[in-house]
Amino acid sequence: MQPKNMMKKKSTSASKASLLLFLCQMISALDVPLDLSQPPTITQQSPKDYIVDPRENIVIQCEAKGKPPPSFSWTRNGTHFDIDKDAQVTMKPNSGTLVINIMNGGKAEAYEGVYQCTARNERGAAISNNIVIRSSRSPLWTKEKLEPNQVREGDSLVLHCRPPVGLPPPIIFWMDNAFQRLPQSERVSQGLNGDLYFSNVQPEDTREDYICYARFNHTQTIQQKQPISVKVLSVDSLNDTIAANLSDTDIYGAKPVTERQPILLTPTGSTSNKVELRGNVLLLECIAAGLPTPVIRWIKEGGELPANRTFFENFKKTLKIIDVSEADSGNYKCIARNILGSTHHVISVTVKAAPYWITAPRNLVLSPGEDGTLICRANGNPKPSISWLTNGVPIAIAPEDPSRKVDGDTIIFSDVQERSSAVYQCNASNEYGYLLANAFVNVLAEPPRILTPANKLYQVIANNPALLDCAYFGSPKPEIEWFKGVKGSILRGNEYVFHDNGTLEIPLAQKDSTGTYTCVARNELGKIQNEVQLEVKDPTMIIKQPEYKVIQRAGQVSFECTIKHDPTLIPTVIWLKDNGELPDDERFLVGKDNLTIMNVTDKDDGTYTCIINTTLDSVSASAVLTVVARPNPPFDLELTGQLERSIELSWIPGDENNSPITNFLIEYEDGLHEPGVWHYQTEVPGTQTTVQLKLSPYVNYSFRVIAVNEIGRSQPSEPSEQYLTKAANPDENPSNVQGIGSEPDNLVITWESLKGFQSNGPGLQYKVSWRQKDFDDEWTSVIVANVSKYIVSGTPTFVPYEIKVQALNDLGYAPEPSEVIGHSGEDLPMVAPGNVQVHVLNSTLAKVHWDPVPLKTVRGHLQGYKVYYWKVQSLSRRSRRHVEKKILTFRGNKTFGMLPGLEPYSSYKLNVRVVNGKGEGPASPDKVFKTPEGVPSSPSFLKITNPTLDSLTLEWGSPTHPNGVLTSYILKFQPINNTHELGPLVEIRIPANESSLILKNLNYSTRYKFYFNAQTSVGSGSQITEEAVTIMDEAMASRQVDIATQGWFIGLMCAVALLILILLIVCFIRRNKGGKYPVKEKEDAHADPEIQPMKEDDGTFGEYSDAEDHKPLKKGSRTPSDRTVKKEDSDDSLVDYGEGVNGQFNEDGSFIGQYSGKKEKEPAEGNESSEAPSPVNAMNSFV
């Protein structure tokens, strides 16, 4: 299903606009305020044809307004009705409505007649329509004797209802004695006259309680006709009746039911006429008899049936056209057709029309001396005649008025005066009815008045019409003008619409349309104005609409509905489901801008709509929720086309639950061999509901079907009926036949047994056959029960055999099986590989060779060779240790292999063995080989101790793995200066028997980096690195301080001081040049600290102090007594020279850590004094 998103928007302001426009058109003639003199106007009256309930009081309405309030009088049947003389009749106070008291003894029939009300005051008289009062009637059915209807099967039948004539006519329906409506169809239906028509009767139509009921809605009563009996005589029953009345020698027999072509039961003949009035509902009917039952079709000759007003009812036997007009006149043909032929009937329809208004007269308000007209125009078929009355009296006999002139359907008034005020009645009538309208002429002289309340507030939504009301009255009719703002100019132009009733329309109001609008009404008697306010609001919008959702049962789903609205409007959110209220269920959670449904069920499927309402507009958006689930199981499984090896299975799919079924799985159960176990049979596409299934013999089948969709699998269907196939020879033999000996003197033959349904019959057994390969021996066979293994004993060791296994049952053998090759049991190999040779490739890798053993001595499947090797001793240490043998396996018939991971300068032994499926053969003689020397590992440790001013002591351990005879140690070292640069590299060769060394003639307070490794005759091993620092003593520190007392240094410092003094004097002179300045200016001049040479406190020279550069050189500050480098003395870290070193020395002064070869980035600690101090350095310290 495609996703569905629907959004619609409606504006309350727009709907108000439409309503106001409609009202504007209706009241374009001025309404006279009730505080001014005016003739009567009828405001409410009873309908022209008034049918009353005889059990209730009769109320005949007549209400009118006028100034002064009118008085009322009535006529009955054309003469004055004196209500004071009839105690049962009263008139409501201040009203002309009559109440005739029937419930206290009066009879409604006595007051039937034609009533007319007159409302009169000093300015004229208005009259009501002629109101015809009739009492409703619901008479009983006349008693009649009804004969049973006996009709032959296939004939037509009409049961007549003929209800009593009531007022209004009753509603007819047919029921039985149990008050159940009789079923109707194309064959049996009720006509417009209430009769029950049978196009052809069937035996099931026989019954004795066909009852016609007439319901009189006005009196809420139902009348019942006596039951009608119908007996349908079938052909068989007719033959039995004839046979009972004839002798055995007579030839008899009723004709079988024969098919008949259609004939019309109603209307009769080939043509008929129908007259209907304009605006009514046209009902045309055709009911036909025939067998088979005819089908009705309608056409209009020379035209088309009106598309939007045509309906077919009563199984297309009734043509219904609503709101008919003269254009619907014409010939309508109904055609009844069955397989034997057709018949037709033409109904000539003529649409007449009671009078209807073209222009109804409207009230006329004139000022003295003005002219005016009353127009009364009506149409009808035939065309109605127009007559005028004044104050209820025909104008021809009414008092003359020189200001009026009657011209057919128009009365012309000229130079009217106050005495010209009157009520005029226009009557348009023809043979089908009449129209009566009152319109007064009211002559007044009144200055303008505005009826709209002052400062009325109008609020609209932007881009919608704004209608500002200015209801007014005046005589003469005032002119209306509109202004925006208190002193704005008059409004003109296409952006405004000015209505006759004073309303100002802004067709497309914008935000800048907001403001005050002034309406001015003026005539020759005066002027008046009124202000109204307009506010234009932002429209309400849904910025995130609900979206189409697909959810599984028991899931959770949310619809969002986020809105944006004018801040001055308060929105309310309503959620609907399928255009109705949400279910009263706690699973539905309505949030501020969302709807959440918990634990979704199938009933939640549908369209959800969020509606946002404000006082001015409304928007809505909808989305569809589709609840999906696994399909319901298929049902009604049916087996057809049963054959020995196939059958057809069909089924009816269950509900797919909104997710299409993709495929069906078919499973079967073998009730004979594996009852209760279901097996996969096949699957078919979801569009297929039948399948041809292949069957096996001797299986008691049951089938079931499972439907699958994207959500998952359905529950299995109910099993089908069982179907047992006949037994037969086996179709196949056992699979996976093998021959493998478990002992040296046997052959074990195994196979996979046939499954129960593969046996094809009872008595499943196996014929096992074998013979030695490459010998012309006969097959040896044995028949065994339904097992999967047979052991042949006394076989030679590991010889090939030809093997076959054949299935058989009580009905015979399976087809000839294929042969497989097997072997009797294996034994351990007899000999060891010979001519084992070892070639040492390097100190860690050797290659071993051997000759293959003869295949006959293997006595089994050759799996490969195993090489066992182990280290005997290390040649450098001459010490034995625990022997750990290693094994390498070389698959197949390989004759060499590589031995990796050997230790250098060691003695090894190895042997080789052949391997088969039984195990390993004897070992070859041990072969000894030695590995050559290699490079040693790194020394086990390097410690640097006893640092002095110019020496360091180094101690080390020999390599853990010398890998040969050590020849010497190599020591390399170099200094590291304060810029992290490495100095020249010095190399020293040390005899192999040494374990320590004192390095002398080193620089004081200098960091050194050491590289140390061992050597054999092959080469150098990996190196170990360390760093250490020589120390600085007190004498050296003292000498460093004494440098500052040398003469050359003192002279240099004096020169620098003199230059600074001269600079300060020059600055002082420039500051004081030109006289004294205010303090504020001096402060501003001194604001820059860069040009202030003296301190404000004491006038001494300013200093730029550096805490690091000016720390005093305390005794031992660079090398503490505990020989550790303190963190606060330097921010340098030795971690950059090793892996995770913490920059400390051991107790003996050796440095902890190992140089990793990482590039030095920072100066080493304690290296500041690697060079003698210079005057420049001293200068830097001073500054």
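**View 1. An open sheet of 3 strands in the order 80-81-84.** In this predicted model, 3 strands in the order 80-81-84 make up an open sheet whose pairing is antiparallel. Strand 80 (939-945) and strand 84 (996-999) are the edge strands, and each of them pairs on one side only. From one strand to the next, the twist averages 15 degrees. Strand 81, which covers residues 952-959, pairs with strand 84 in the antiparallel sense over 4 bridges, and within this part of the model glutamate 955 stands opposite serine 996 in strand 84.

View 2. Strand 35 pairs with strand 36, residues 410-413, in the antiparallel sense over 4 bridges, and arginine 404 is placed opposite phenylalanine 413 in strand 36. As a general point for reading this view, strands of a sheet pair through backbone hydrogen bonds, either parallel or antiparallel.

**View 3. Strand 52 and its pairing with strand 56 and strand 53.** Strand 52 (residues 572-577) pairs in the antiparallel sense with strand 56 (residues 606-613) over 6 bridges, and leucine 576 stands opposite threonine 609 in strand 56. Strand 52 also pairs in the antiparallel sense with strand 53 (residues 580-581), in this case over 2 bridges, where the bridge partner of lysine 577 is glycine 580 in strand 53. Strand 52 and strand 53 form a hairpin with 2 residues between them, and in the turn of this hairpin aspartate 578 has a positive phi of about 50 degrees. In general, the side chains of a regular strand alternate between the two faces of the sheet.

**View 4. A nonpolar surface patch that includes Leu1058.** The patch, of about 650 Å², is made by Leu1058, Leu1061, Ile1062, Ile1065, Val1066, Phe1068 and Ile1069. One of these residues, leucine 1058, is found in helix 5, which spans residues 1047-1072.

Note on methods:
Residues are numbered from 1 along each chain as its sequence is written. This is a predicted model: local features need pLDDT of at least 70, side-chain atom pairs count only at pLDDT 80 or more; totals for chains, interfaces and linings use all residues. Side-chain values use heavy atoms; hydrogens and water are left out. Two strands pair if DSSP finds at least two bridges between them. Patches are made of residues with over 30% relative accessible area and no salt bridge: like charges are joined within 9 Å, nonpolar side chains (Val, Leu, Ile, Met, Phe, Trp, Tyr) within 5 Å. Accessible areas come from the Shrake-Rupley method with a 1.4 Å probe; for residues, only the protein chains shown count as cover. A salt bridge is a side-chain nitrogen of Lys or Arg within 4 Å of a carboxyl oxygen of Asp or Glu. Axes are lines fitted to C-alpha atoms, for helices over the stretch in contact, and angles run from 0 to 180 degrees between N-to-C directions.
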